Amino acid sequence: MPEFQTFFTPARLDEFWYYVKWLLFYVAPAIMIVAAAGALSMFIEMMKKSFANTKKIDESDQNNEEYEIRRY
């Protein structure tokens, strides 16, 4: 029977954390920039649609005379 060996030796853990640190410092910022650009584009499209809907509502209010507006 082979001798028991631990997988998580100090050298392997050091190598693992080295790669995790490399991933966090170099890859994660690029992923966050891509995610922020996507969120910004979605926000801009949402604002465009909200202003377009406001214009449509204003035009339909002028053409629709089913109710009376009273200002006091």
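**Figure 1. Tyr 26 in the predicted model.** Tyr 26 is exposed, its relative accessible area being 58%, and the cut-off for that class is over 50%. The model is predicted. Tyr 26 belongs to helix H1, which covers residues 10-63. Tyr 26 is also one of the residues of a nonpolar surface patch.

**Figure 2. The nonpolar patch on the surface.** Six side chains are shown: Tyr 18, Tyr 19, Trp 22, Leu 23, Phe 25 and Tyr 26. Together these residues have about 760 Å² of accessible area. Among them, Tyr 26 is exposed at 58% relative accessible area, while Tyr 19 is partly exposed at 47%.

**Figure 3. Aromatic pairs, with Phe 16 and Trp 17 in view.** The structure contains three aromatic pairs. In one of them, the ring centres of Phe 16 and Trp 17 are 4.9 Å apart and the planes stand at 65°, so the pair is classed as edge-to-face; the cut-off for this class is over 60 degrees. Phe 16 has 45% relative accessibility and counts as partly exposed. Trp 17 has 53% and counts as exposed.

**Figure 4. The pair formed by Tyr 18 and Tyr 19.** The rings of Tyr 18 and Tyr 19 have centres 5.4 Å apart and planes at 65°, so this pair is edge-to-face. With a relative accessibility of 47%, Tyr 19 is partly exposed. Both Tyr 18 and Tyr 19 are members of the nonpolar patch.

**Figure 5. The salt bridge between Lys 48 and Glu 45.** Side chains of opposite charge can pair when their charged atoms come close. The count for this structure is one salt bridge. Lys 48 and Glu 45 form a salt bridge in which the closest N and O atoms are 3.7 Å apart; the cut-off is within 4 Å. The two residues, Lys 48 and Glu 45, are three residues apart in helix H1, so about one helical turn separates them. Lys 48 is exposed, with 51% relative accessible area, whereas Glu 45 is partly exposed, with 39%.

**Figure 6. Setting of the close-ups in the whole protein.** The protein has one helix and zero strands. Of its 72 residues, 0% count as buried, the class for residues under 20% relative accessible area.

Key
Residues are numbered from 1 along each chain as its sequence is written. This is a predicted model: local features need pLDDT of at least 70, side-chain atom pairs count only at pLDDT 80 or more; totals for chains, interfaces and linings use all residues. Side-chain values use heavy atoms; hydrogens and water are left out. Helices (H or I, at least four residues) and strands (E, at least two) are DSSP runs, numbered from the N terminus. Buried means under 20% relative accessible area, exposed over 50%, partly exposed in between (1.4 Å probe, protein chains only). Rings of Phe, Tyr and Trp (its six-membered ring) pair if their centres lie within 6.5 Å; planes under 30 degrees apart count as stacked, over 60 as edge-to-face and the rest as tilted. Patches are made of residues with over 30% relative accessible area and no salt bridge: like charges are joined within 9 Å, nonpolar side chains (Val, Leu, Ile, Met, Phe, Trp, Tyr) within 5 Å. Accessible areas come from the Shrake-Rupley method with a 1.4 Å probe; for residues, only the protein chains shown count as cover.
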